[in-house]
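Welcome! Please take a moment to look over the chain shown below, and keep the model open while you read.

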Amino acid sequence: MNTRLLITRESYRFTALLWLIVPLLGAVPYLAAGVVPSFTDALFESVSGFTTTGSSVILSPESLPAWLRMWRALTQWVGGLGLVLFIVAFVPSLRAGSSQLYAAEFSGTQQRKLHPHMSRNVARMWGIYTLMTLLCTAALYATDKRSVFDSVCLAMSTVSTGGFMPASGGMAGYGTGTMMVLTLFMFLSGVNVAMLYNLFTFHWRRLRRSSEFVVYAVLFVLAAAVCTVAFAAKGAPWDTAARYSLFHIASTVSTCGFYTATPPEWPFVASVVTFMLILSGAMAGSTGGGLKLRRLMTLFIYLRNYFSRMLHPNVVFAIKIDNQVVPAEYVNKIFGFVFLYILFIIGGAFALTLTGSDMADAFCLATANISNLGPTPIIGSIGADFSYTLLPSAAKWVLMVLMLAGRLEIFALLAIVSPSYWSRR
């Protein structure tokens with residue numbers, strides 16, 4: 001393939017194959033170290049890392065060799081902004097076709113660019129991403145006084161919204177200060193990278209003018225408030241309920257998937273809020289997963305305009321976000337994406353029931369993994385103590401397909417399995 005003459009078809013092919021080949025190579029260190037019993041488990045850990053899902057079959061990460069713990073964290077960090085952007089940043093020969101590759105990597109949504117030239121755009125994105133990682137590392141080291149190594153691994157997992165913990169038990173071995181640091185950086189990691197650029201360059205007014213950021217912030221505050229009241233009503237102290245709710249909501253809405261010891265009583269309303277946030281996900285253009293808020297906002301405006309046209313059939317309503325008209329082609333793509341997303345959840349849940357999971361757990365597992373969330377308390381047994389090692393191999397393969405579909409935003413993955421894609425016409 002001539003990388004300087006990339007077309008849309010070749011871009012989809014390159015993107016999909018890259019996301020299939022790299023996780024295969026990433027499984028080799030786990031097999032070489034002998035820390036997993038099978039190829040399926042090694043590939044599951046690798047796919048979960050690169051897709052920043054955080055579902056793990058390793059019960060005691062602290063027992064791994066230091067080099068493998070770093071590799072485990074690095075897979076998430078590289079996958080956070082996307083394998084294609086990583087390759088484009090370090091392989092100059094691909095930069096001529098980087099716009100097509102960029103579009104193929106983020107085929108399901110519109111992405112803001114930090115610079116008209118793609119090479120500078122990618123450089124700035126990686127610059128912001130690296131700065132966030134360094135700041136998070138410094139804050140964790142200053143707060144918890146653990147080794148620099150542990151702080152780096154945890155920061156990589158946080159900023160990439162990957163969710164791999166350096167030790168078993170989630171946040172059990174960390175203090176309140178670390179919990180608050182992670183809450184802040186998980187929230188920031190769910191923000192569009194372009195918005196983070198405005199934050200670090202002191203263009204704060206642009207944050208307030210971004211309706212998606214406002215919705216993201218308001219949704220975070222409201223969800224945390226609802227969960228705080230719900231946990232307090234179940235008997236948890238108000239300070240504990242507030243601290244846990246902020247951490248849990250930041251972990252869920254950013255699709256990071258970190259967890260800590262839950263309050264004794266888990267109210268049903270917290271499960272509802274958690275499940276809704278898993279579906280909505282973070283801002284478009286962030287490292288988080290889910291449907292993305294910008295898509296949901298577009299659908300809401302479309303439905304509002306539809307009902308308005310029922311009352312005023314002669315009036316033309318445009319779909320606008322931040323005073324910019326959303327192209328009809330993008331709206332159609334959103335409808336297609338949401339339909340496929342729900343279809344993948346239903347199909348994945350059905351496949352999981354065939355492997356032995358009950359219906360409730362199957363839907364939670366399918367939703368969490370296609371949203372690249374991984375382990376988080378939702379309902380029943382799907383929570384901090386859930387072990388993916390208990391799942392049969394068939395279930396792990398189903399979840400790997402869901403992880404890749406969610407990370408590739410479905411279209412690039414479906415493109416290469418479509419017969420029309422391989423047609424010469």
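**Ground rules**

You are looking at a predicted model, in which local features need a pLDDT of at least 70 and side-chain atom pairs count only at pLDDT 80 or more, while totals for chains, interfaces and linings use all residues. Residues are numbered from 1 along each chain as its sequence is written, and side-chain values use heavy atoms, with hydrogens and water left out.

**The whole chain**

Let us begin with confidence. pLDDT is the predictor's confidence in each residue, on a scale from 0 to 100. The chain averages a pLDDT of 83, and 83% of the residues score at least 70. Over residues 1-6, however, the pLDDT is below 50. That stretch has 13 contacts in the model beyond near neighbours in sequence, where a contact means heavy atoms within 4.5 Å. Where pLDDT is low, the predicted coordinates should not be read in detail.

The chain has 19 helices and 2 strands. Both are DSSP runs numbered from the N terminus: helices are H or I with at least four residues, and strands are E with at least two. Of the 425 residues of the chain, 55% count as buried. Buried means under 20% relative accessible area, exposed means over 50%, and partly exposed lies in between (1.4 Å probe, protein chains only).

Among contacts between residues at least 6 apart in sequence, 70% join residues at least 24 apart. The chain exposes about 18,100 Å², and carbon and sulfur atoms supply 67% of that area. Accessible areas come from the Shrake-Rupley method with a 1.4 Å probe; for residues, only the protein chains shown count as cover.

**The salt bridges**

How many salt bridges does a search of the whole structure find? The search finds 3. A salt bridge here is a side-chain nitrogen of Lys or Arg within 4 Å of a carboxyl oxygen of Asp or Glu. Side chains of opposite charge can pair when their charged atoms come close.

| Asp 41 | Lys 396 | 2.5 Å |

Take the pair Asp 41 and Lys 396, whose closest N and O atoms are 2.5 Å apart. Asp 41 lies in helix H3 (residues 39-50) and Lys 396 in helix H18 (residues 393-407), so this pair ties together parts that are 355 residues apart in sequence. Asp 41 is buried, with a relative accessible area of 7%, and Lys 396 is buried too, at 5%.

Glu 45 lies in helix H3 and Arg 72 in helix H4 (residues 66-81), so the pair ties together parts that are 27 residues apart in sequence. Glu 45 is buried, with a relative accessible area of 0%, and Arg 72 is buried at 5%.

Asp 150 lies in helix H8 (residues 148-159) and Arg 69 in helix H4, so the pair ties together parts that are 81 residues apart in sequence. Both Asp 150 and Arg 69 are buried.

**Helix H8 and two threonines**

Of its 12 residues, 9 are buried, so H8 is largely enclosed by the rest of the structure. Among them are Asp 150, Cys 153, Leu 154 and Met 156.

H8 is followed by Thr 161, whose phi is positive, near 50°, although Thr 161 is not a glycine. Thr 161 lies in the loop between H8 and helix H9 (176-189), and is buried with a relative accessible area of 0%.

Thr 255 has a positive phi as well, near 60°, and is a residue other than glycine. You can find Thr 255 in the loop between helix H13 (238-253) and helix H14 (268-280). At 1% relative accessibility, Thr 255 counts as buried.

**The cysteines**

How many disulfides are there? The count comes to 0, with a disulfide being a pair of cysteine sulfur atoms within 2.5 Å. The sulfur of Cys 256 is 9.3 Å from the closest cysteine sulfur, in Cys 136, which is too far for a bond. Cys 256 is buried, with a relative accessible area of 0%, and Cys 227 is buried at 0%.
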